[in-house]
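Trainee: I am new to this structure. Could you show me how to read its features, one at a time?

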Amino acid sequence: MDCRPSCGACCIAPSISSPIPGMPNGKPAGVRCIHLTEDYRCAIFESPDRPPVCGGFKAELLICGNSRLEALNILAELEGCQSA
């Protein structure tokens, strides 16, 4: 599965414990990454500073569902947070 255009759920719902440029303590679940652009793309996608956890994420139907909202809800549930 390819990433869904205009989604960005993986840059919002999950927590990231490793440092991110501009977010030295990582990112809490449910908080938008500062590198997520207005059109829901990663501004540091090609950067060597992109955290390995981000590079290791692979879109798949089980996690991404059939829509952006479904992806946000699935990822939030996996994180143990409130749904989006």
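Trainee: Which residues of the largest nonpolar core touch the most other members?

Mentor: A general idea comes before the case: in soluble globular proteins, nonpolar side chains tend to be buried together. A nonpolar core is a set of buried Ala, Val, Leu, Ile, Met, Phe, Trp, Tyr and Cys residues joined through side-chain atoms within 4.5 Å, where buried means under 20% relative accessible area (1.4 Å probe, protein chains only). Here the largest core has 17 residues, and Ala-9, Ile-20, Cys-33, Leu-72 and Leu-75 touch the most other members. This is a predicted model, in which local features need pLDDT of at least 70, side-chain atom pairs count only at pLDDT 80 or more, and totals for chains, interfaces and linings use all residues. Residues are numbered from 1 along each chain as its sequence is written, and side-chain values use heavy atoms, without hydrogens or water.

Trainee: Is His-35 buried or exposed?

Mentor: His-35 is buried, at a relative accessible area of 15%. Contact means heavy atoms within 4.5 Å. Beyond its neighbours within four places in sequence, His-35 is in contact with Ile-20, Pro-21, Arg-41, Cys-42, Ala-43 and Ile-44. Ile-20, leaving out residues up to four places away in sequence, touches Gly-26, Lys-27, Cys-33, His-35, Ile-44 and Pro-51.

Trainee: Which residue lies over the face of Tyr-40?

Mentor: A charge sits over a ring if NZ of Lys or CZ of Arg is within 6 Å of the ring centre and within 35 degrees of the ring normal. In this case Arg-68 lies over Tyr-40, 4.1 Å from the ring centre.

Key: Buried means under 20% relative accessible area, exposed over 50%, partly exposed in between (1.4 Å probe, protein chains only).
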